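Work through the exercises below with the sequence and the model open. Each task is followed by a solution in steps.

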Amino acid sequence: MGLLTQGHPLDWEETKKYAQFIREHGIEQFIHIYKKLKDRRNDCLKWGDEVEFLMVRFDHEKKKVQLVLKAHEILSTLMEPENNNPDDCVTLWRPEYADYMIEGTPGKPYGYLPVHFNMVEANMRLRRQQGQQLLGKDEYVLSTSNFLRNGCPDFTWPVHKPTPSTSASASLFFPDEVIFPDHPRFKTLTRNIRMRRKSKVAFHVPLFIDKNTPRPFIENLSIYGHDNNANESTPIKDHIYLDAMGLGMGCCCLQVTFQAQSIDEARFLYDQLTPLTPIMLALSASSPIWRGYLADTDCRWNILCAMVDDRTPEERGLEPLKNERFRLYKSRYSSVDCYISPDSAMYNDIEIVQDGDAFRKLIEHGIDHLLAQHVAHLFVRDTVTVFEEKLQLDDTQDTDHFENINSTNWQAMRFKPPPSNSDIGWRVEFRPTELQMTDFENAALVTFIVLLTRAIMTYNLNLLIPISNVDENMQSAQQRDAVLNQKFHFRKCLSTVKTPDTPCMASVQKTLLQDNECEHRLMTINEIINGSNEFVGLLKIIQDYLSNIEVDADTRCTINQYLNLISKRAAGTLMTNAAWMRYVVTNHSAYKHDSVVNDEITYDLLWKMIKISSDEEECPKVLPRMSSKTTLDISAAVEKENELEVKRSLINHYNNQE
């Protein structure tokens, strides 16, 4: 969720007085970080995943399932091992936006050893078990991106009613009591975003039109009570109305963070992974149902963007600029707006709105154009949370003002400077992936993106396309059945002059561009992942990389199963979670083909997901037969790897003597 500062939060009227102060000192803090650590080299390659779980309660008699508001009760217990012995804990836990969410990560980052891939699923499974042990009868940890009936009447346990005239979000559907209560940041963000915007957030999700869906479909919102934002909440024909930060930030996702060896490598990774963000979004699609209605989209992304959109009417272009500084073309939650590595400059083909004063100051202090542009672009935003105790800071030692704005620019990639007074290096965070119902799937997606990152760096590949095409791809990725029906801009030739001549890479290099020929073309997900006569495919590159490193048998078995899932999902022989959820709903005996996903359907679908995630049921439409070798105990493999490293060192020593 970003920076979790403790203290007394200021209301919006007070917060906005400090907007320029926070910006100026945030820039100062970044300059100090940069000057201090820009020459830092040879940090170990580390990485880790972040999983956000839901907690649900099943009423088997009434066939109803609700979100359990229990994070505030169980997080202190989950965090005990870290608090007692932070250097020796297997998992870490943090609060998230809603009180029905818990966020878990590995206790320590994974490293460069291939055997670490064999730990990912086992650690995810352990996190699920740790959360499950603290829940009551008929309560379960669930992994999926969006609760199907979030915002419907009585969707939580205990039940709370929305109070739009007094609540932080002014929502017709989402009560304040659902927001995590033990950290003031979340409710303050909610209220301040609405106050800055000068209206509550609003989004209209396209409805899936079935044969019995009322035409036109127009919701009667008056049944939810009085709405002070009538213009914002006017129903749109054939759309599902959403009106609360919690209906976006209350979604769960799967994120991966990489520590690079240097700032240059981090910038390179940020850029190279950016074109992959829509591809992974489409592959992981798992959000086809909103507020109890089937949507005509499969992903959460645009909803998230809208639910934290704090732009004023002037900034959105609805009114002429008079009081605001800029016309802002996107929400602060959005796709990536610009590449940040110098070699990527030519692919920045959209207008980059930036804070001119911040940009000039960054340039004056020796920061190059691309990185200065990135930071100055982030700093066109106001801070939306300020803690009274954190205003006066030492800019040479603290980074809170920088992180205040950096961590509330929720883009598909995040560039993360080292924290102050820490041994942590320059990092990038990969943020678009939707959460899957099983640990196997989540581990497969994480393993795929990490392996691809290793291959990109090892083979010096180039995946860049114009940033405007990445934006276009992000919209295509959210369409219903995008894996099967959409095409995506993707680079035709991935090799560079530094790419080694391995058999697989030689086939990549055969694709030579003619003068003035476009470097990218439209491809299906299947072509991008599995390849075609004209494109090698990302999986073949990964397999080539794996064939050139030493991987123990158990880890290779596990990786092969993960890559098999990715391959079959890209080919359409296995369904995405979203496609399968649609299939279950539309074939349910209680479904009336009217786009409505009622309590009974939700109960049966989520109960099935619980059974599948606990290996009590198979799901051949989504999953291959799974028997990965995942384990938390990799000591034998690490010992063997250390022995091999000693042997390699001895061989190199003798070769050098000759």
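Predicted model: local features only at pLDDT ≥ 70, side-chain atom pairs only at ≥ 80, totals over all residues.

**Exercise 1. Helix packing**

Task: Determine how helix 14 and helix 20 are oriented to each other, and list the residues that meet.

Solution: 
- Step 1. Locate the two elements: helix 14 spans residues 439-459 and helix 20 spans residues 553-571.
- Step 2. Take the geometry: the axes lie 9 Å apart, at an angle of about 95 degrees.
- Step 3. Angles of 65 to 115 degrees count as roughly perpendicular. Helix 14 and helix 20 are therefore roughly perpendicular to each other.
- Step 4. List the contact residues. Helix 14 contributes Phe-440, Glu-441, Ala-443, Ala-444, Leu-445, Thr-447, Phe-448 and Leu-451. From helix 20 come Ile-559, Gln-561, Tyr-562, Leu-563, Leu-565, Ile-566 and Arg-569.
- Step 5. Sort this contact by class: 11 residues are nonpolar, 2 are polar and 2 are charged.

**Exercise 2. Aromatic pairs**

Task: The structure holds 21 aromatic pairs. Classify the pair Phe-173 and Tyr-241, then the pair Phe-379 and Phe-402, and place each in the chain.

Solution: 
- Step 1. For Phe-173 and Tyr-241, the ring centres are 5.9 Å apart and the planes stand at 70 degrees, so the pair is edge-to-face.
- Step 2. Phe-173 is in the loop between strand 6 (156-157) and helix 6 (184-197), while Tyr-241 is in strand 8 (residues 239-242), so this pair ties together parts 68 residues apart in sequence. Phe-173 and Tyr-241 are both buried.
- Step 3. Phe-379 and Phe-402 are 6.0 Å apart centre to centre with 20 degrees between the planes, and this pair is stacked.
- Step 4. Phe-379 belongs to the loop between helix 12 (369-378) and helix 13 (400-406), and Phe-402 to helix 13, so the pair ties together parts 23 residues apart in sequence. Phe-379 and Phe-402 are buried.

**Exercise 3. Charges over rings**

Task: Which rings have Arg-57 and Arg-291 over them?

Solution: 
- Step 1. Arg-57 lies over the face of Trp-157, at 3.8 Å from the ring centre.
- Step 2. Arg-291 has its charged end over the ring of Phe-173, 3.9 Å from the centre of that ring.

**Exercise 4. Burial of a helix**

Task: How many residues of helix 19 are buried, and which?

Solution: 
- Step 1. The buried residues are Leu-538, Leu-539, Ile-541, Ile-542, Asp-544, Tyr-545 and Leu-546.

Definitions and conventions. Residues numbered from 1 in each chain as written. Heavy atoms only, no water. Axes fitted to C-alpha atoms, helices over the stretch in contact; angles between N-to-C directions. Helix = DSSP H or I, 4+ residues; strand = E, 2+ residues; numbered from the N terminus. Parallel < 35°, antiparallel > 145°, perpendicular 65-115°, else oblique. Contact = heavy atoms within 4.5 Å. Nonpolar A, V, L, I, M, F, W, Y, C, P; charged D, E, K, R; others polar. Phe/Tyr/Trp six-rings, centres within 6.5 Å; stacked < 30°, edge-to-face > 60°. Buried < 20%, exposed > 50% of the residue type's maximum accessible area, 1.4 Å probe, protein only. Lys NZ or Arg CZ within 6 Å of the ring centre and 35° of its normal.
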